[in-house]
Amino acid sequence: MGQRLAVESTSEDQLVQRPATADVDSPWSSYGSSIRSISFPQGVGWSAWLRRSGGTTPGSSLPSSCTDGSRPSSSASSWGSGAAGFNAIKANELRSIARRMVHDGHLQALSRAFARSGNGVVRRWFTELDVDWVLTMTEDMPWWAERTVVHDRARRWIRAFTTMAHAFLALSSDLTHAVDGASVQKQLLGEFASASISKMMLFVEAVIANVDWTPENLPAALDVYACISDATASSHDQASSTAQQIVLSMYGGAADHADHAGLVTSRRRRLAAAIHRAIRSLSVDYYGDGGSCRAPQGSEVHAVTRYTMDFVRLLWRNAGLASSVLDDDGGGSVVSVASDVMRRWEFSLASASMLLPDAALRCVFLLNNYDAMAEAFPDSGLQDEIGRCVERYLDAAWAPALSCLHGAAAWHSPPSAKLADFAARFRRTYDAQKLWRVPSPALRGRLRRAVAGLVVSAYAMYLEEHPLRDEDRASIMAPEEMEEILNELFEG
């Protein structure tokens, strides 16, 4: 059977009597199957986040390197890309399905049936949109307990709300140009739309409570906020919108328009406040506390560094939404929040590095973390600090070996003794640091070149200034051999 339906030929009694869960080949399920078949882009939103955080449930994905696991709202995770992941969907398949519903008379039949059968039609409509679970929510429900509702259901809700918005918008547009019976159909549409949007707003309440309880649900909250912000926007660019004219499309009377616009707007404002609280909770309460993390694991990039970068990426990718939320509540700008998070975490890293026992290892740890931050944000200003950290590393790691050649303690020693002491110190340093891991090829190469430029150059110059006998030269390492060995540093 094709996907186009002739709903007008189906009686409203039959429409109401269709089961809430229909066979995928039945006429009732055709639109629902089309809606469910629309996949979300890979690598965005919560799917990537859950994969990278080990698939943990909300409130339990606190990185293992953090000690304070008693406060769910302090958790950090690898963030999705937020609302940007839905933009490609909004103007394409869902709009096409919505228009087909109107073209086939499906939405008109639902509106007429609702006038006779009420909530039964709403339930079947929501089942078709894959959000029938919204109807199990009640306004006195303990939303904070619904801690798993956001990740999977927010996508389904946005998909349904987008389809619903386009369907109402398309039918409202058709009725505007209709001649016969338009006023009655507009009234039926307004009543059906009113019941639908009121029920859909219940999920927004769940998102508000959920992001308050678990701020790591911020990506989902931003997505939902984008959807209902569009619903109350003034833009008339239907080519790029989804729900921005939903209120206008639903309600014909000015009073109704005001009432239901207020319903959406009030939810939007409350969600904006919750998003602001989540951003502040994550940026200040968590990332600002350098003492909340255990000692680093060697030279590796700290787990929270990656989470921090993903959090800031989320803010940047949703800069327009996040800025409007912060501006509305007097919370500054995304730039100031992101800069503050970066600065706080840089300070936290410096504090955490002091828990490492070796000065050179501290420098490599900081270099790995600063490099990861600078790679994500080239304009962060960390390149200068990376350069200074390289100099500190050279001084901490290799100055002791070079002191065997030029230090005051070796001043009266013969060249052969100095070279023996240098070789022993060099080997000990190399053996320790070849196991330190520097994951970035660019940083690893930079450090190797810096070490060779300092150590090999000084060694070669010493050999040139203190010629050895052939029998002594045969027992020492050639500068070329030393440089080759140094190219094995930091492999881990």
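A residue is called buried at under 20% relative accessible area, exposed at over 50%, and partly exposed in between, using a 1.4 Å probe and protein chains only. By that rule aspartate 130, at 10% relative accessibility, counts as buried. The model is predicted: local features need pLDDT of at least 70, side-chain atom pairs count only at pLDDT 80 or more, and totals for chains, interfaces and linings use all residues. Residues are numbered from 1 along each chain as its sequence is written, and side-chain values use heavy atoms, with hydrogens and water left out.

**Positive phi values**

- Most residues other than glycine have a negative phi.
- Aspartate 130 is not a glycine, yet its phi is positive, near 70°.
- This aspartate 130 sits in the loop between α7 and α8 (149-176); helices here are DSSP runs of H or I with at least four residues, strands are runs of E with at least two, and both are numbered from the N terminus.
- Phenylalanine 490 also is not a glycine and has a positive phi of about 70°.
- Phenylalanine 490 belongs to the segment after α21 and is buried, with a relative accessible area of 0%.

**Helices α6 and α7**

- The axes of α6 (residues 106-117) and α7 (residues 119-128) come within 7 Å and cross at roughly 145°; axes are lines fitted to C-alpha atoms, for helices over the stretch in contact, and angles run from 0 to 180 degrees between N-to-C directions.
- From α6, the contact (heavy atoms within 4.5 Å) uses His106, Leu107, Leu110, Ala113, Phe114 and Ser117, and from α7 it uses Asn119, Gly120, Val121, Val122, Trp125 and Glu128.
- Seven residues of this contact are nonpolar, four are polar and one is charged; Ala, Val, Leu, Ile, Met, Phe, Trp, Tyr, Cys and Pro count as nonpolar, Asp, Glu, Lys and Arg as charged, and the others, Gly among them, as polar.

**Aromatic pairs**

- The structure holds 11 aromatic pairs, meaning rings of Phe, Tyr and Trp (its six-membered ring) with centres within 6.5 Å; planes under 30 degrees apart are stacked, over 60 edge-to-face, and the rest tilted.
- In one of them, the ring centres of phenylalanine 114 and phenylalanine 192 are 5.5 Å apart and the planes stand at 50°, so the pair is tilted.
- Phenylalanine 114 is in α6 and phenylalanine 192 in α9 (residues 182-213), so the pair ties together parts 78 residues apart in sequence.
- Phenylalanine 114 and phenylalanine 192 are both buried.
- Ring pairs join Phe114, Trp125, Phe168 and Phe192 in a cluster.

**Helix α21**

- Pro479, Met482, Ile485 and Leu486 are buried in α21 (residues 479-486).
- These residues cover an arc of only 120° around the axis, which puts them on the same side of α21; the arc is that of the directions from the helix axis to the C-beta atoms.
- Exposed Glu480 and Glu484 are on the face turned away from the buried side of α21.
- The cover over the buried residues of α21 includes α17 (382-406), α18 (415-433) and α19 (441-465).

**Nonpolar core**

- The largest nonpolar core has 130 residues, and Trp157 and Tyr393 have the most contacts inside it; such a core is a set of buried Ala, Val, Leu, Ile, Met, Phe, Trp, Tyr and Cys residues joined through side-chain atoms within 4.5 Å.
- Helix α9 supplies the largest share of this core, 14 residues.
- Leaving aside neighbours within four places in sequence, the contacts of tyrosine 393 include Trp398, Trp436 and Phe490.
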